[in-house]
Amino acid sequence: MKMSEIGTFIRGKRFVRTDIVNDGVPCIHYGDMYTYYGLYATKSKGMLRNELASKMRYAQKNDVVIVATGENKEDIGIGMAWLGDEPAAVHDACFIFKSDLYPQYVSHYLRTNYYHKQIVKHVSEGKICSISAKGLGNAIIPIPSYEEQVRIATLLDKFDELVRDLVQGLPAEIAAVKEQYEYYRNKLLSFPEYKLSA
């Protein structure tokens with residue numbers, strides 16, 4: 001089904017980086033969607049000033065936040081399942097997607113080539129690229145049973161975790177191999193000094 005047929009898209013409200021403080025209401029800035037958040041989150045990176053709270057739109061637990069603006073069309077449309085107990089204020093360069101689908105299933109789907117190929121033709125290009133709710137809503141999403149959505153997302157979570165562990169472990173492995181290489185190189189290339197006998 002089309003995403004617009006199974007859920008609703010609500011655009012966030014504008015705030016700027018200087019509105020983000022240490023103490024306030026949880027907030028999700030669109031820039032952090034690219035650099036900080038993964039497939040889901042239970043805590044926000046920053047907090048929004050309390051005096052702005054009443055003007056914002058919020059992702060509730062199990063909503064999916066979808067970034068709709070970026071520097072290039074390849075990155076637009078990725079999503080993050082908001083699993084936090086507190087509502088999070090969402091930046092206006094993002095949409096809040098509300099549906100009865102399993103949120104982690106949706107966030108995994110939003111990173112597939114199948115989905116991206118569908119939405120890329122709806123991206124407006126310029127200095128900043130963007131996509132509308134209508135463009136996102138045209139994407140077709142497969143809808144297995146809820147139990148199957150949970151099963152698929154759980155398997156993909158495990159695979160994602162494994163890949164992250166491998167990537168994080170690589171620098172240590174590379175350093176160990178480099179150290180080993182240097183040891184043997186030095187051993188092989190350090191010739192003993194020969195004294196000429198008289």
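Analyst: A residue counts as buried under 20% relative accessible area, as exposed over 50%, and as partly exposed in between, with a 1.4 Å probe and protein chains only. This is a predicted model, in which local features need pLDDT of at least 70 and side-chain atom pairs count only at pLDDT 80 or more, while totals for chains, interfaces and linings use all residues. Residues are numbered from 1 along each chain as its sequence is written, and side-chain values use heavy atoms, with hydrogens and water left out.

User: What makes Cys-94 buried or exposed?

Analyst: The relative accessible area of Cys-94 is 0%, and under 20% means buried; Cys-94 is therefore buried. Cys-129, at 4%, is likewise buried.

User: How many disulfides are there by this rule?

Analyst: A disulfide requires two cysteine sulfur atoms within 2.5 Å. The count is zero. For Cys-94, the nearest cysteine sulfur belongs to Cys-27, 11 Å away, and Cys-94 is in no disulfide.

User: Which strand do four bridges join to β7?

Analyst: Strands pair when DSSP finds at least two bridges between them, a strand being a DSSP run (E) of at least two residues. Four bridges join β7 (residues 63–67) to β9 (residues 79–82), and the two run antiparallel. Val-65 has Met-80 in β9 as its bridge partner.
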